[in-house]
Amino acid sequence: MQVQSALLFESPEQIYARVFRELRPRTPMPTFVIHYRRFANANSFIRMRDGIIEARITDVLQGAPAPIQEALAWILLAKLFRREIPPAASDRYRRWMNRSDVRRHLHLLRQSRGRKYISGPQGQHHNLDTLFEELNQRFFHGLMGRPELGWSRTVSRRLLGHFDPSHNAIIISRVFDSPSVPRLALEYVMFHEMLHLQHPVDHSGARRCVHTRDFRAAEKQFPQLKEAKAILKTL
Ligand SMILES: [Zn+2]
């Protein structure tokens, strides 16, 4: 039994070589260099130079079971050679990353390794702390703990707001910090992000559903929801 398990063990380089052989049966075998790096997130990178394929993999994956390492090898090598990623590989990888213990690990890493720029709540025209407390009273009986609040660095029209659970922060686009944008739109975006504090993301299965049915129902409490959404469309 001892011998058998020793034979079954593959190093990361061997896993990549085997996947490479399946993707490129006739190409001479390159050298593989696999590093595990301390990233602040789950990113991994791959590149080929002078006959060497180098993969830099997040150290979150270092203790992952071999089938997960192999799934990532398929994903990275398929990307490198512009092939379609086998759905089974991306599905297996995504399911593993979505596991609660893996997510908790990543969450802690982001907190300890990632630095995040958060501006203060005071903008040119609006104060986000004031707005938060006003909405807290109106919709949440004043019971919601205030997270860090800040304005985005750029005037983003694409990402209007987001809640970052790792830093317990709500970031609002600076596009709203202007007298020409009705305050109603800002109120709605802040309310929406506050709902994200209240409704945790549903991580069951491979897909993340951020706006659950409960979330949508709670959002309907906002009066003038239609008017607010109409303003967002004009930005
Ligand atoms: Zn949302």
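Two strands count as paired if DSSP finds at least two bridges between them. Helices (H or I, at least four residues) and strands (E, at least two) are DSSP runs, numbered from the N terminus. The model described here is predicted: local features need pLDDT of at least 70 and side-chain atom pairs count only at pLDDT 80 or more, while totals for chains, interfaces and linings use all residues. Residues are numbered from 1 along each chain as its sequence is written.

**Domains**

- The protein chain is divided into domain 1 (2–113) and domain 2 (128–234); such bounds come from an automatic or database domain assignment.
- Between the C-alpha centres of domain 1 and domain 2 there are 36 Å.

**The sheet β1-β3-β2**

- Three strands make up this open sheet, in the order β1-β3-β2, and their pairing is mixed.
- β1 (31–37) and β2 are the edge strands, and each pairs on one side only.
- On average, neighbouring strands of this sheet are turned by 15° against each other, direction ignored.
- β1 and β3 are joined in the parallel sense over seven bridges, and the bridge partner of Ile34 in β3 is Ala55.
- Strand β2 (residues 45–49) pairs with strand β3 (residues 52–58) in the antiparallel sense, over five bridges.
- Across this pairing, Phe45 stands opposite Arg56 in β3, and Arg49 stands opposite Ile52 in β3.
- β2 and β3 form a hairpin with two residues between them, and Asp50 in the turn has a positive phi of about 50°.

- Two packed helices are described by the angle between their axes and the distance between the axes.
- Axes are lines fitted to C-alpha atoms, for helices over the stretch in contact, and angles run from 0 to 180 degrees between N-to-C directions.
- Helix α2 (residues 12–23) packs against helix α3 (residues 66–80) at an angle of about 50°, and their axes are 9 Å apart.
- That angle makes α2 oblique to α3; angles under 35 degrees count as roughly parallel, over 145 as roughly antiparallel, 65 to 115 as roughly perpendicular and the rest as oblique.
- The crossing of α2 and α3 is right-handed, a term used if the near helix is turned clockwise from the far one by less than a right angle, with anticlockwise giving left-handed.
- Pro12, Ile15, Tyr16, Val19, Phe20 and Leu23 in α2 meet Ala66, Gln69, Glu70, Ala73, Trp74, Leu77 and Ala78 in α3; residues are in contact if their C-beta atoms, placed from the backbone, lie within 7 Å.
- The contact of α2 with α3 has eleven nonpolar, one polar and one charged residues.
- Ala, Val, Leu, Ile, Met, Phe, Trp, Tyr, Cys and Pro count as nonpolar, Asp, Glu, Lys and Arg as charged, and the others, Gly among them, as polar.
- α2 lies across β1 and β3 and runs at about 130° to β1, whereas α3 lies across β2 and β3 and runs at about 50° to β2.

**The sheet β4-β6-β5**

- This open sheet of three strands has the order β4-β6-β5, with mixed pairing.
- β4 (148–151) and β5 (161–164) stand at the edges with a single partner strand each, so one side of each has no neighbour in the sheet.
- From one strand to the next, the twist averages 15°.
- β5 and strand β6 (residues 169–172) run antiparallel and are joined by four bridges; Phe163 stands opposite Ile170 in β6.
- Helix α7 (residues 183–198) packs on the sheet, where α7 touches β5 and β6, and the direction of α7 makes about 20° with that of β5.

**Helices α7 and α9**

- The axes of α7 and helix α9 (residues 225–234) cross at roughly 105° and come within 9 Å.
- α7 and α9 are therefore roughly perpendicular to each other.
- Leu184, Ala185 and Tyr188 of α7 make the contact with Glu227, Ala228, Ile231 and Leu232 of α9.
- By class, the residues of this contact of α7 with α9 are six nonpolar, no polar and one charged.

Methods: Two residues are in contact if their C-beta atoms, placed from the backbone, lie within 7 Å.
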